Amino acid sequence: MPNYNGSKYLVEAIESFITQDYDNKELIIVDGKSTDESHEIISTYIAQYLQIKWLKYKDLGISDAINHALDYLDSDVVGYLGSDDLLMPKIFDTINQNFSLVNADAIYFNSYTHYINENKIILRKCPNIGFNRGNLIKFGTIVGLQNIFFKQAILEKYKFNINSRFAMDYEYYFNLVDGNYLLQYVDEIATINIFDANLSFTQAHNGNIERFSIARKNIKTNKELIYYYKSMFNYYSHRLVPSILSLLKIR
């Protein structure tokens, strides 16, 4: 769990981990720079729970924080939890059961997104498609990082690009398709993701720009290039049309 001034929902995020009815679990929090109440909150939890570790590392961003935490892991299965993400009850049991049934390298799930300001909750289902290069370029990220759980061997082999600020998960997935790993989609809810003027919410456009840049670098066929341009057209048309309609109304 990378955290920087995320105290607003930090307690809820940690509690969603603590209340998992699963003994063999560990939460590593990386936070060496917060100036809000985060450090007081973390201190309280590490004093009560041996399963929670705090790395006071002054990271260079989310990717760097994740990479740093990976050096301290001792687990067969690893996932990412943001300080504004809430784990669904018993999700650890669901993850374990699916890994026991299928020898997958990673398992991924759906999620809810809770838009605080709009007072609404949206179900975000992953597209039930092959996890391959063409579909990453055609559909985008496919699954958010907080909703995918990896075998540790993958994370030992590949690190996150610290130069990626918003689409580090998308870039990471290209490593998986290049490595011919088996990813299993489970049509259940893993997390609730809170959007409340946080980085994911306020930098959504910058994240898409970064995603397009990553996609362009990973194109290998003409078919993938067509997917790329269609995806860009759809994105920008959806952004421009409301603006154009607003201008027409004003006139």
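**Close-up views of a predicted model**

**View 1. N5 sits in the segment before α1.** This is a predicted model, in which local features need pLDDT of at least 70, side-chain atom pairs count only at pLDDT 80 or more, and totals for chains, interfaces and linings use all residues. Residues are numbered from 1 along each chain as its sequence is written, and side-chain values use heavy atoms, with hydrogens and water left out. Helices (H or I, at least four residues) and strands (E, at least two) are DSSP runs, numbered from the N terminus. N5 isn't a glycine, yet its phi is positive, at about 55°. With a relative accessible area of 30%, N5 is partly exposed; on this scale buried means under 20%, exposed means over 50%, and partly exposed is in between (1.4 Å probe, protein chains only).

**View 2. Y4 also belongs to the segment before α1.** Y4 is exposed, at 53% relative accessible area. Leaving aside residues up to four places away in sequence, Y4 touches K33 and S34, where a contact means heavy atoms within 4.5 Å. From Y4 to Y108 it's 104 residues in sequence and 26 Å in space, C-alpha to C-alpha.

**View 3. Helix α2 spans residues 38-48 and has S38, I41, I42 and Y45 buried.**

**View 4. Helix α4 buries I91, F92, T94, I95, N98 and F99.** Look down the axis of α4 and its buried residues fall within an arc of 160°, so they line one face of the helix. S100 and L101, on the other side of α4, are exposed. The buried residues of α4 pack against α1 (7-18), β3, β4 (85-87), β5 (106-115), β7 and β8 (183-195). Zooming in on T94 in this helix, its relative accessible area is 13%, so T94 counts as buried. T94 touches F109 and E188, not counting residues up to four places away in sequence.

**View 5. The largest nonpolar core has 36 residues.** A nonpolar core here is a set of buried Ala, Val, Leu, Ile, Met, Phe, Trp, Tyr and Cys residues joined through side-chain atoms within 4.5 Å. Inside the largest core, the residues with the most contacts are Y108, F131, I148, F150 and Y173. Helix α7 (residues 168-178) gives the largest share of this core, seven residues. There's also a second, separate core of 28 residues, with L10, F17, I42 and L87 among them. Back at Y108, its contacts, not counting residues up to four places away in sequence, include C126, F131, I142, I148 and Y185. I142 lies in the loop between α5 (133-139) and β7. I142 is buried, with a relative accessible area of 9%, and its phi is near 75°, a positive value in a residue other than glycine.

**View 6. The second largest pocket has a volume of about 810 Å³.** Of the 34 residues that line this pocket, E26, S75, V77, V78 and G79 are the closest to its centre. Elements giving two or more residues to the lining are β1 (27-30), α3 (62-70), β3 (77-79), α4 (91-101) and β7 (148-151). How was the pocket found? On a 1 Å grid over the protein atoms alone, a pocket is an open set of points where a 1.4 Å probe fits, with protein on both sides within 12 Å along at least five of seven lines; lining residues have an atom within 4 Å of a point. Grid points are joined across faces, edges and corners, and the volume is the space filled by probe spheres set on the points. By class, the lining has 25 nonpolar, five polar and four charged residues. Nonpolar covers Ala, Val, Leu, Ile, Met, Phe, Trp, Tyr, Cys and Pro, charged covers Asp, Glu, Lys and Arg, and the others, Gly among them, are polar.

**View 7. V77 is found in strand β3.** At 30% relative accessibility, V77 counts as partly exposed. V77 touches I95, F99, F149 and F150, residues up to four places away in sequence not counted. V77 and A153 are 76 residues apart along the chain, with their C-alpha atoms separated by 8.9 Å.

Terms used: Arc of directions from axis to C-beta.
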